[in-house]
Amino acid sequence: MIARIWSGESSLWLLLLPLSWLYGLVSGIIRLSYRLGLKRAWRSPVPVVVVGNLTAGGNGKTPVVIWLVEQLAKRGIRAGVVSRGYGGKAAKYPLLLTSQTTTAEAGDEPVLIFQRTGAPVAVSPDRSEAVRALLNDHAVQIIITDDGLQHYALARDKEVVVIDGVRRFGNGWWLPAGPMRERASRLRSVDAIIVNGGEARPGEIPMRLSPGLAVNLLTGERCDVADLPALVAMAGIGHPPRFFATLESCGASVEKTVPLADHQALSVDQVEPLAACHQNLIMTEKDAVKCRAFAKANWWYLPVDAELSGEEPEHLLKELIALVH
């Protein structure tokens with residue numbers, strides 16, 4: 001229903017307009033208070049790059065964070081990552097991730113980033129606290145924030161916005177009548193716009209999510225997802241249909257799809273009944289980090305990597321490296 005409202009297919013968004021006006025007023029006042037100096041943002045001693053979005057729901061920003069961390073590492077730049085840690089609740093903040101940190105503590109995306117990149121990761125509702133914690137324990141040269149475009153309490157040197165190229169901005173209204181956290185005009189003040197799928201417009205960086213081999217959660221075995229019979233696909237991400245479409249494009253034989261809420265906590269009692277013993281359960285890597293502790297032999301995940309095309313990605317990386325040197 002939310003998807004239909006936000007896309008404009010349902011006229012129910014009209015009933016939510018008063019709440020949207022209030023949301024837009026409050027968010028506008030907050031941003032203006034920082035621009036006028038009524039509130040002061042904390043500035044890190046090392047450069048900060050925000051990777052965020054203008055809309056609610058999954059746009060592909062976490063793969064972009066991973067791509068940036070890995071690309072900077074290849075060029076000799078050590079990055080640290082900070083996150084709000086949605087879906088997690090730590091005993092205390094800031095929380096520096098270790099190999100023992102659970103998704104219940106840190107949230108699924110920070111754990112995924114930590115496991116994929118090996119980069120230092122810290123979470124806190126106050127992102128400046130997370131940055132301080134990273135700098136106290138690690139010799140990082142640049143900070144990448146996973147989300148936080150609207151967290152103006154943390155000063156930033158570069159802003160990168162990720163857009164879903166298919167859904168883009170829906171009906172264009174603020175939450176809850178539409179998907180917008182800020183209006184599309186905010187794009188005029190950011191440093192880079194990355195478009196995940198669909199058609200990139202002039203000035204935007206095209207990106208696609210490239211799937212790898214399916215990985216067995218229990219054994220680590222890898223195989224082509226098209227070779228796995230009788231698949232049940234589950235996805236607890238911002239936009240589950242994107243994952244299901246990816247499986248289809250890979251030639252996977254999917255018998256059933258199970259969309260879940262983004263950042264939804266998972267337990268063995270919830271997940272095990274989804275696939276019968278003769279079926280294989282395929283999930284996103286973001287779901288897999290929540291299921292590893294109780295994984296079964298017929299559970300698999302499909303990792304994806306961000307692939308950015310054109311000359312602009314190299315220009316963006318050069319700008320980030322220039323911040324460090």
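A: Two strands pair if DSSP finds at least two bridges between them. Strands (E, at least two residues) and helices (H or I, at least four) are DSSP runs, numbered from the N terminus. The model is predicted, so local features need pLDDT of at least 70, side-chain atom pairs count only at pLDDT 80 or more, and totals for chains, interfaces and linings use all residues. Residues are numbered from 1 along each chain as its sequence is written, and side-chain values use heavy atoms, leaving out hydrogens and water.

Start with the open sheet. Six strands form it, in the order S10-S9-S14-S13-S11-S12, and the pairing is mixed. S10 (222–223) and S12 (254–259) are the edge strands; each has a single partner, so one side of each lacks a neighbour in the sheet. Further in, S9 (residues 214–216) and S14 (residues 299–302) run antiparallel and are joined by two bridges. Here valine 215 has tyrosine 301 of S14 as its bridge partner.

Now look at what crosses the sheet. Helix H7 (residues 240–249) lies across S11 (231–235), S12, S13 (280–284) and S14. H7 runs at about 150 degrees to S11; axes are lines fitted to C-alpha atoms, for helices over the stretch in contact, and angles run from 0 to 180 degrees between N-to-C directions. Just after H7, glycine 251 takes a positive phi of about 80 degrees.

Strand S2 is the next stop. All five residues of S2 (residues 79–83) are buried, so the rest of the structure largely encloses this strand. Both of its faces are covered: Ala79, Val81 and Ser83 lie on one side, Gly80 and Val82 on the other. S2 runs parallel to S5 (residues 142–146), with five bridges between them. Valine 82 stands opposite threonine 145 in S5. S2 also pairs in the parallel sense with S4 (residues 121–123), over three bridges. There, valine 81 has valine 121 as its bridge partner.

Helix H5 (residues 108–117) brings several elements together. Asp108, Glu109, Pro110, Val111, Leu112 and Ile113 are buried in H5. The buried residues of H5 pack against S2, S4, S5 and the helices H3 (61–74), H4 (103–106) and H9 (285–291); contact means heavy atoms within 4.5 Å. Just after H5, glycine 118 has a positive phi of about 75 degrees.

Terms used
Buried means under 20% relative accessible area, exposed over 50%, partly exposed in between (1.4 Å probe, protein chains only).
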